[in-house]
Each structure stands twice: as structure tokens, then as C-alpha cells.
Amino acid sequence: MEAATVHHHHGPPEANRSSRIHPALLGMLLFIISEVMVFGAFFTAYFFIRVVVPGAEWFPFDGFELPVAVAGVNTAILLSSSLTLHWAQVSIKNGNHTGLKVGMLLTFLLGATFLFVQINEYATLTREGITPQAFAQGTIFYGLTGLHGAHVFIGLLILLVVTIRAFRGHYSPDHHDGVEVPGIYWHFVDVMWIVVYTTVYIL
Amino acid sequence: MIAHLRAPGWYRAAFYIALALGLSWLLLWSANGFSASDVSGIGWVQVSLISAPLFFLGGLGAFDYWIYWASGRPTRPEDHSAHGATSWKDYLRINTDHKVIGIQYVVTSFFFMFIGGLMAMLMRAELAAPGRQFVDPSAYNGLFSVHASILIFLFIIPVFAGLANYVIPLMIGAPDMAFPRLNAVSFWLLPAAGTIMMLSFFAPGGSFASGWTAYAPLSTTAPDGQVFFTIGVQFAGASSIATALNFLVTIITMRAPGMSFFRMPLLVWANFSTSLLVVIATPFVAASQFFVLLDRALGFNFFDAAQGGDVLMYQHVFWFYSHPAVYIMMLPGFGIISEVLAVKSRKPVFGYRMMAFSLLAIVILGFTVWAHHMFVSGMQSWIRVPMMVTTAIIAVPTGIKIFSWLATMWRGVLKLDTPMLFALGFLTMFVLGGISGVMLSMLPFVIHVSDTYFIVAHIHYVLFGGSLFTIYAGVYYWFPKMTGRMYNEKLGKLHFWTTFFFFNVTFAPMHLIGVQGMPRRVADYSEQFANWNMAISIASFFLGLSTLIFLYNMVASWRGGKRATGNPWNALTLEWQVSSPPPVFNFDRIPTVVGGPYEYGVPGAVHGVFEGVETTAEERQPAGAVASTAKE
């Protein structure tokens, strides 16, 4: 069965597609599993600091308070960016390029607003004495929200690329994986924020 | 010169590293209110350690395609010039060919094995007699820490990834990995991670010395060498997550027609399971080192009990990765052994499906045993007994594998060449390591031997006698495929017997002195252990020398060994059905799989058929379905 000998090829043979799932999509899903586990580790730290440590307290304590309402509005802003992103994705599937452009631009702006509000929140909290250096509750507050904020930042960079490419007309109804796959990441970042917001601010 | 600096390659990489150092300094300078005197040296080192490897990869050209693509500029035409290797220089650049990357991985990780091994020699020289010989206690701490970190993160984990990188696309009938460029990035992160860990020896206060476990608060208060571990592990971890993701997508979406999951060779199953572990568990070690880095660099309080932090949390997060990690370091080896034993016994693997299911069982159970590393840590005592029980249970799927291998060999026609010898050596040594593992799961016993040489003996029986023997088996087994040359069988056997003998003389006595109470991780010991330690040290030097036989055999055979045929072992799996070394794109046409991978001794059994090759209708029947004239 000495079948394959060296031939001069112009390229590799096309791989057999043994699963219906798109490789890039599967790769993104696996990456998200990995990301969920990073958050899982940070939530483990949160659990230890809030529950396991003897005499542990959580906000509000000693006059330190988290701006639950402001962060709630910010949550709404971030979640609405998922809706505009979805609208952009549906638009390009239907061949509506204007919808794609406007949708991507809105998504990016909403995401940037979220990050801007969060940075302001950090500045305010720092003035009130809630810092990561002050106590472990501050450490894990900044740890979890900062980890999420870093994901928002990376997500924004990706959205920026998608938006630029949308304005350059790189996508079409038949060819929009470049919107779909980053979109999954952005939706993940949004869903993760709901978990972070609920555990850190509300519970 | 400018052209050199613009084109991807080593010149640009060096330039970019310099750029990273400069930009890191500017970043800190601006963060410190534009005051040069406020920029701390260690701060600069920390930022540089994070930025320089990324800039290095950028300089080599790992990100070029993506940057061109993302900015909408025309990407380089896909002329596949990045595929294949015609000279050794092709191994020193970004290459997207999984076969080249596989060899890059294996050679690089063996380089780190020799470094890690030399550190072990130095430790044994120190331990040859009580008192101080060559190194002072803190240097000794640094030696065993770097020894373990390098051999775990830069040898065992990546060398398996390298072998799998080479073999898996061939085995499943794919032209390459699913994400070839990501594959190249995964590889090039490794030399960066290794260099970072080695550089720690130049840090003031010496290299990191808190063991490969880097427990807080030891690691949060250690001298600055510690950050070289904290950051180096991040790159090694990122590399292994990216590779695992790549393997999973490749295995799921790129199998040849007819290659159902239960027709996959067990090496593919093993790496599938390992990759699941890596994707799920490795983020935890990344997080644990983030915590340490934030505590060290920015004064966070994750582990500061005075501020409400929790020290034990480190161990929980760390072992939630690092226990699965011991399976990450073993499951691919199980796969190699299944291949070698079936081929060298000329028999189908016994209980193929149970072999696959037991791998998945290990994946799941592997996540339920982490706290058995913490029995003496002072954690909540109610966790102990459940962890003891799950730890004992996880020996069951491993036992299934051991007995299946024995049954595979039962009444087989054994060919006792080098890969087979190492496979048999693995079986015996791993059973011993497994038995001491079950002993260590038992609370009353482990409390007695915690932090003694019994632990050192156990870990080396499973990682050296276990993992490393499977690695040797795999390297010898696939050497003809990778290089197109045969290795020297006589030297191979000599290598096996010397390694096997001196391995046992080195590590078996450690059980004894461990039970007697000799503590590990200490440069000195009491007089009563002197004789055993002298014997161990002498044996360990011979063990080190035996590795040189391997090195010579590999180098000499690669340069001038006998030419290998496509299928020197008469194996059925697809990688042996192409030339040695395989064509640049693996297959002219993707083969069709018509039967199981291990139907040795079954008349008329065929695993894969190639279009364009004469096959009869009978041969396309599933293996074993019809008896026809044997094809081989």
C-alpha cells in the first residue's frame, strides 16, 4: 500500500469535512470554554474571599458601597450592544449592508460607553477608598470586573476590525463568517457580565 | 539592513524585542508621571517579560498574515512556501506545516530535557553526601524548582504535543491541522517561555525557588526571580491551550471519510481526551499565576490573610489545574503505548472501546481529585475522605488500560525491538508508580510520607518510568516516519537497558528513604541516609550518561541512518501508508477509511484505502468482514 509518492502539487488536497460544524466556529466555542474557566478561577477566588475566609464580609460594609444602580444602567448598555450586534448579523444575512454598518458602529459605541462608564466607576471608587490594595474584597472586585473589562477591551478591538471591514464592504450574504465568529465572542462577553454583575453587585 | 528589519525573521525579531524593552520602559515612565527615577527595575522587567515574547513572535512573522487580513490589506498569496522543510534553516522560521512544527516541538523540548536533566545531575552531586558540596541551600531550591518547571512545562507537555502534531493529521487523513498559523504561534511561544524560565537564574536573589507549585505566600514574598516563573508559565499555558484547541477542531472536523470516532487510532483518542483536559483545566493555572503576579506587582490582596485574602485558595486553584495536568502528561503516552503494543504484538488492541471510554473516564474523574495534594495543608477536614475515595477510584480506568494492554500482548507474536522494549518498560514501571499512587491516596499513609522522598520516587516512577518511557517509545517508533531514516537498533536497545536499569537503581531506593523520613526539597540530610544517597547519586550519573546514547543515536541516524521504507513496521494506521518522510501535503488524495485501525492478524483487514490504488471490492469491506488474500 505504498500509495502516495511525492508529486508536485499546487496545494494540499482538500480536507474531508467530517462534522457539520464550521472549524472556526468550533474553535471559538472551545476558546470560550477556556475563557469560562478563567472566569471560573476568578469566581473561585471570589467565593473564598466572600464565603470561606473566617469573618468574611461583602459590600456594603464599613461604609464601603458599590454603585449598584449605575452599574445596572451600564449593564443595560452592554446588553443592548448584543441586540445591535444581532441586528447587524441579521442585516448582512439579508444583504442589507447599511444595517450591517450602522449595527456594527452602534455595537462598538455601546461597548466603548460601557468601558468608559466602568473606568469612571473605578475612579470614583478609588476616591472613596475602595482599592485592590486596601482589602481582599477590593482585590476581587477589581479582579473580576477588571478581567471582564479586559475582555470588553479585546472584544472592542475585534469589533473595530469587523466594523472597518464592514465599511470596506468585505462581507456579503454568502460570506459573513467574519461577523458571525467575533459576534459569538461579544455575546459571550455580555453573558459573562450578567454573571459578574449578579454575583458582585446584587447578591 | 533596513530590508532585514522589515522582513519577517530573526533580525526583525531581535529588533522587535529591543522595541518591546523600550516601549515597556516608556509605558512605566508615563505611568509614573514622566519621572525616570520612579521607574522600578523589577517593574520594567515584569512588563518586558510580558511584552517581549509577543514582540518576538511578531518579529518572526507569526502575526503577519492576521495583521494583513485584519487591516484589509491583500494577504500574501498562498503559495505554500511556508510548508515543508528543505534545509535545517526552515526549522528556524515560522512554518505552518504540522510536520515541521512537530519536529520543531520534539527537538526543542528535548533540548529542554537535557537542561532539566543537567540540573538534576547538579542536585544529585550536591546530595551525594550530607553537608554542603557544590551549591548553597537557596541555589539548591532554585535548581529543583527550575528542574521541575522546565521538565513539566517545556518537556513532557510539549513533547507529547509535538509527536501528536506530527502524527495526528496523518493518522486521521487530514492535509494539515485545522489552524496552521495558530499552530506555529503555539510552537514559538515555547522557546520564549523556556528562555524566560532560564533567565531567572540571572535575577537578583537567584532563580525562582518556591518549587514548580509556587505556593503562596512563598511565591508572593519570594525574590524577584519568581516573576520569571509566574510569567513564563503563562506563555507555556497559552501555547498548550492553543494546541489543544487546534487538536480538538482538527480531530472533530477533519477526519477522512469513513473515519468514525470508533475507527480512530487510540493515539488520536488519547490526544482528544488530553486536549479536553487542557482546554478546561489550563486556564486555572493561568489564573493562579495572575493572582500571584497581581499580588506581587500591584499589591493586590488575593493571598494576604491580614487583608481578608485566603492562602489556601491558591492551592485549590493551582491543583484544580495541576491534578488534571498529571493526566495531560500521561494520556498521550497511553495512546503511544496502544499504537506500539498492537503493532509489535501483531494483534488488535484488546477492548478498543473500553480503552477509549477509560480515557474519557479519566478526563472526568481527573477533575474530582485535586485536593489529595492538600491533605496536610490544613484545609477543611471534611474534604479529605471524599478526595481519598475519588483518588482510589481513578485507578480503575487506568487499571482497565493496563489489563487491556496485557491482553493485547497475550499470545501475540512479540517483536522486542526498541519501541516495544520501552513500551514494556513503561508497563512495568507505570504499574509500580500507580501502586505507590494508590498508596498515596490513603490518608493515614500519605500524612506519614508527605514531603518525603517517597513522593519524589512516586512522581519519577510515573513521569520518568511512565511518561518519558512512552516518549522514548514514540520517538523510536515514529523516527523512521519523521526523518526517513532508521535508527540504530543496537544502540536503541543499549539505551533502553541502561536507562531501565539505572532508572530503577536511582529511584527505587527513594521509596525506602522516604518512608524512613528523608524530607524532599532540602539540600542537606541526616547521616543515616548517606549510603543510600551516594548509591542514588552514582546511579543517577549513569542514568544521565545513558541519555547520551539516545542523543548520539538520534543525531547519527538522522544524518546517516539506513533509508526507511514507508511502512517499516507493517502497521495499518494511515501515517504508515505514505512515504517516509511523508509528502509535503501528506496525501495526494484523502484516503477513505474502511475498517478499524488495529486489525492485525485479521485476514484481509484494511484500515484505509487510497483512491488510484488498485483495490478489490472485497478489500473495501469493513475489516474482518470477509476473508480474502491478505494485502500485506
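Two residues are in contact here when heavy atoms of theirs lie within 4.5 Å. Asn246(B) touches Met177(B), Ala178(B), Phe179(B), Leu182(B) and Asn183(B), with residues up to four places away in sequence left out. Asn246(B) itself sits in helix H9 of chain B. Its relative accessible area is 0%, so Asn246(B) is buried.

The model is predicted. How far does the predictor trust it? For the complex, the predictor gives an ipTM of 0.92 and a pTM of 0.93. Chain A has a mean pLDDT of 92, and 95% of its residues reach 70 or more. Chain B averages a pLDDT of 92, with 95% of the residues scoring at least 70. In chain A, pLDDT stays under 50 over residues 1–9. The model has 21 contacts beyond four places in sequence for that stretch. In chain B, residues 619–632 stay under 50. For them the model has 30 contacts beyond four places in sequence.

Now turn to where the chains meet. The size of an interface is often given as the accessible area lost when the parts come together. Chain B and chain A bury about 4500 Å² between them. Of that area, 70% is on carbon and sulfur atoms. Which parts of chain B supply at least two residues each to the side that touches chain A? They are helix H4 (64–70), helix H9 (226–253), helix H10 (266–298) and helix H11 (311–328). The largest share, eight residues, comes from H10(B). By type, the residues on this side of chain B divide into 33 nonpolar, 17 polar and five charged. In total, 55 residues of chain B are in contact with 49 residues of chain A.

What polar links cross this interface? The rule finds eleven residue pairs in polar contact between chain B and chain A, both residues at pLDDT 80 or more. Salt bridges across the interface of chain B and chain A number zero.

Salt bridges do occur in the model. Side chains of opposite charge can pair when their charged atoms come close. Over all chains, the count comes to seven salt bridges by this rule. One of them is in chain A, where the side chains of Lys93(A) and Glu180(A) meet at 3.8 Å, N to O. This pair links distant parts of the chain. Lys93(A) is in helix H2 (residues 68–93), Glu180(A) is in helix H5 (residues 177–202), and 87 residues separate them. Lys93(A) has a relative accessible area of 46%, so Lys93(A) is partly exposed.

Lys99(B) forms a salt bridge with Asp97(B), and their closest N and O atoms are 3.3 Å apart. Is Lys99(B) buried or exposed? Lys99(B) is buried, with a relative accessible area of 6%. Asp97(B) counts as buried too, at 2% relative accessibility.

The other pair is Asp224(B) with Arg296(B), with the closest N and O atoms 3.6 Å apart. Asp224(B) is partly exposed, with a relative accessible area of 27%. Arg296(B) is buried, with a relative accessible area of 19%.

Next, follow chain B to the loop between H9 and H10, the place of Phe261(B). At 24% relative accessibility, Phe261(B) counts as partly exposed. Which residues does Phe261(B) contact, leaving aside its neighbours within four places in sequence? They are Ile252(B), Arg255(B), Trp269(B), Phe272(B) and Tyr352(B). The C-alpha atoms of Phe261(B) and Ala356(B) are separated by 9.6 Å, and these residues are 95 apart along the chain.

Finish with helix H20 (residues 530–560) of chain B, where Ser540(B) lies. Ser540(B) counts as buried, at 4% relative accessibility. Beyond residues up to four places away in sequence, Ser540(B) touches Met121(B), Arg124(B) and Thr506(B).

Key:
Residues numbered from 1 in each chain as written. Chains lettered and ligands numbered in written order. Heavy atoms only, no water. Buried area = accessible area lost by both parts, 1.4 Å probe. Salt bridge = Lys/Arg side-chain N within 4 Å of Asp/Glu carboxyl O. Polar contact = N/O pair within 3.5 Å; in protein donor to acceptor, adjacent residues only side chain to side chain. Helix = DSSP H or I, 4+ residues; strand = E, 2+ residues; numbered from the N terminus. Nonpolar A, V, L, I, M, F, W, Y, C, P; charged D, E, K, R; others polar. pLDDT = per-residue confidence, 0-100. Buried < 20%, exposed > 50% of the residue type's maximum accessible area, 1.4 Å probe, protein only.
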